[in-house]
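Subject: Structure handover

Hi,

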Amino acid sequence: MDIWIDTLNNASEADALAMLEGLYEHSPWVAQGSLSGRPFRSLAHLKRTFVEVVHHAGEQAQTALLLAHPELAGKAAIAKDLTASSLAEQTRSGLQSCSPEEYAAFHELNRQYRERFGWPFILAIGGPQGTGLSRKQILDTWKRRLGHHPASERAECLRQIHRIAELRLRERSNAYPGDGKQVMKWADDLAIYNDPVIEEGAGLQVLYLSDAHQACAHALSQWMIDCGFDSVTSDAVGNVIAVYEGDGDGMCPTLLTGSHFDTVRGGGRYDGRLGIFLAMQAVARKKALGQRWPFKFELIAFAEEEGQRFPSNFLSASALVGQWDNKWLDLVDQDGVRLADLMRQRGMDPDACSKIGRQSSDACGFIEIHIEQGPVLLEADLPLGVVSSINGSSRWFIEFMGTASHAGTTPMALRQDAACGAAEFALAVESRCASEPGLVGTVGMLEVPKGSINVIPGRCRFSLDLRAPYDEQRDRALSDLFESIEAICARRGLHYEAKQVTLANASPSSPHLQAQWERAVEQCGLPIFRLPSGAGHDAMRMAALFPQAMLFVRCGHGGISHNPLESVTDDDTQLAFDALWSFLENFSHG
């Protein structure tokens, strides 16, 4: 057990409170309430106890906690009337060195914020990596959060308070997240490779087989070699594959892991890549210890998952599980470049893509670590979650047809308004999907062809994206929604056409592998939290041959992903590494 935690567990109540003093600004009740949770198994367990104390304290105590925090660059800062911790934090971000003009700008933001929400703006100015945010980053965050709904902003402020306490606690306990910082450094270093984008700050755009994509592949290969992998190669579709041999006699099983390194247009630096870097760091540690696992550990940096350049996704994983379709070689990108031709330009053999499929006997399982890409873990105030299933999806394009007629002369009771029918259906999707946990549905596209302000819509095209952790659940909901379509059309005098564009089966996690993720999370001192993945991942394709299970890592900034604001913290990344290390050190192939 960590020495500092051991000391805290065995200290008198007075001494324990002294060890925790000042973690929460002018709010000793948080530390007092946490001590009933002793003995703490880890720092993560202690931090989780803080969260629970604040959560159960109620709205009045939480409001007092919010009000206990000083304004950034506010009157207390100018008067040097801050706690030692707040003074050090604001000084590191340069808030004690503002010009009079900058102080005036901060004063105005403080006024606007407090007028809107009723408490001071709260931000862990140490930032996701604990090194301090710049004044520009602070101002940008401030302005963005001014637009939040009050309930959402209140929750965000409480999360920021816990992050402030986390940063103070790690300094006090000397708990440096070295593995997490190395992972985030790789993410920062790889983010320098970017396809040309139209505007600054638009995020990453690393499309399949672009110059930036190839630079990423080269950098990953070199880093994998530096970490100590025994072999690093590229296959016919551009996957970078690194192998760390086991300590057996050649008969030991193989455990696969990995994720993708291509990005969406305007993406972030952790989507996919986080899982690659965590596995790299695990091998780097094992190599430094001069040890090997009793299994072969194979890391796959998938070259294509996002489907951003060519109109088909999961090209890389599909090839590895023997599901490559040679028709894909004739796909063209928006510039008219044919996939097969592009591969040849990159020195690759398109004909080999259909020949690299694995056999189910080649590995005993596939695991993937990924940012959640959603707000569930954030709302639960938990850094890690175990994925129970990757949702299956069914996507449709649907069109309602009614009668286009004059908006001024047609009585409301005699209209056949296709757009109103589509609106009614969108609400039916919302209602039906809200009725079952795990089920989600979206009408993401609505279009009135040749619509006019003074014409009742005679046609309306729209989309349906329906997802669920289990195919049966998805299909029941789909059947109900088509009954809704029939009823809407009958009632409104409409008719419709529908075309399914994609169908992806759900991929429930392997119970055996999921249980090992759960034990690894428990070993970190965290509660087990299970959730489905609403997004698709390489793991769902690899599941065609191998048992799969995933671990999710909390996303910041409201859980946003596929966006430059995509964020994780070094402490959460450290916990993800610790969970992976525990998984590997105790892995059983069954």
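Below is what turned up when I went through the structure, grouped by topic.

Before anything else, keep in mind that this is a predicted model.

**Aromatic pairs**

The search over the whole structure gave 23 aromatic pairs. Take phenylalanine 482 and tyrosine 496: the ring centres are 6.4 Å apart and the planes sit at 50 degrees, so this pair counts as tilted. It bridges distant parts of the chain, with phenylalanine 482 in helix H18 (residues 471–492) and tyrosine 496 in strand E13 (residues 495–504), 14 residues apart. Phenylalanine 482 is buried, because its relative accessibility is 17% and the cut-off for buried is under 20%. Tyrosine 496 comes out at 24%, so it is partly exposed.

A second pair, phenylalanine 577 with tryptophan 581, is stacked: the centres are 6.2 Å apart, with 20 degrees between the planes. Both residues belong to helix H21 (residues 570–585), four residues apart, which is about one turn of the helix. In general, an α-helix has 3.6 residues a turn, so residues three or four places apart point the same way. Phenylalanine 577 is buried at 0% relative accessibility, and tryptophan 581 is buried too, at 13%.

These two residues also belong to one aromatic cluster, along with Tyr244, Trp293, Phe295, Phe297, Trp517, Phe583 and Phe587.

**Charges over rings**

Tryptophan 581 turns up again here: the charged end of arginine 285 sits over its ring, 4.7 Å from the centre. Likewise, the charged end of arginine 154 sits over the ring of tryptophan 119, at 5.9 Å from the ring centre.

**Helix H12 and its surroundings**

Helix H12 (residues 211–227) has 17 residues, and at 1.5 Å a residue it should span 24 Å; the C-alpha atoms at its ends are 24 Å apart, so the two values agree. Its buried residues include Ala212, His213, Cys216, Leu220, Trp223 and Cys227. What do the buried residues of H12 pack against? The partners are helix H11 (178–190), strand E1 (231–234), strand E2 (240–244), helix H13 (273–288) and strand E4 (296–302). Just past the end of H12, glycine 228 has a positive phi of about 110 degrees.

Helix H13 is also where alanine 279 is found. With a relative accessibility of 1%, alanine 279 counts as buried. Setting aside residues up to four places away in sequence, alanine 279 touches Phe229, Thr257, Phe297, Leu299 and Leu580. Of these contacts, Phe297 is also a member of the aromatic cluster.

**Back in H18**

Glutamine 473 lies in helix H18 and is buried, at 9% relative accessibility. Leaving out neighbours within four places in sequence, glutamine 473 is in contact with Glu436, Pro437, Leu439 and Ala468.

**Pocket and cavity**

The second largest pocket holds about 1,300 Å³ of space. It is lined by 43 residues, and the closest to its centre are Arg395, Arg467, Gly534, Ala535 and Gly536. Strand E7 (392–401), E13, strand E15 (530–533) and helix H20 (538–542) are the elements that give two or more residues to this lining.

There is one cavity of 30 Å³ or more. The largest cavity has about 30 Å³ of space, and its lining is made up of Val206, Leu207, Tyr208, Asp262, Thr263, Glu304, Glu306, Gln308 and Arg309.

Most residues other than glycine have a negative phi, and most peptide bonds are trans. Here are the places to look at with that in mind.

- Arginine 38 and proline 39 are joined by a cis peptide bond, with omega at about 0 degrees. Proline 39 is in the loop between helix H3 (28–34) and helix H4 (43–57).
- Histidine 26 is not a glycine, yet it has a positive phi of about 50 degrees. It is placed in the loop between helix H2 (13–20) and H3, and counts as exposed at 60% relative accessibility.
- Aspartate 381, also not a glycine, has a positive phi of about 55 degrees. It is in the loop between helix H16 (376–380) and strand E6 (384–390), and is partly exposed at 22%.

Cheers

Methods. Residues are numbered from 1 along each chain as its sequence is written. This is a predicted model: local features need pLDDT of at least 70, side-chain atom pairs count only at pLDDT 80 or more; totals for chains, interfaces and linings use all residues. Side-chain values use heavy atoms; hydrogens and water are left out. Rings of Phe, Tyr and Trp (its six-membered ring) pair if their centres lie within 6.5 Å; planes under 30 degrees apart count as stacked, over 60 as edge-to-face and the rest as tilted. Buried means under 20% relative accessible area, exposed over 50%, partly exposed in between (1.4 Å probe, protein chains only). A charge sits over a ring if NZ of Lys or CZ of Arg is within 6 Å of the ring centre and within 35 degrees of the ring normal. The expected span of a helix is 1.5 Å times one less than its number of residues. Contact means heavy atoms within 4.5 Å. On a 1 Å grid over the protein atoms alone, a cavity is a set of points where a 1.4 Å probe fits but cannot get out, and a pocket is an open set with protein on both sides within 12 Å along at least five of seven lines; lining residues have an atom within 4 Å of a point. Grid points are joined across faces, edges and corners, and a volume is the space filled by probe spheres set on the points.
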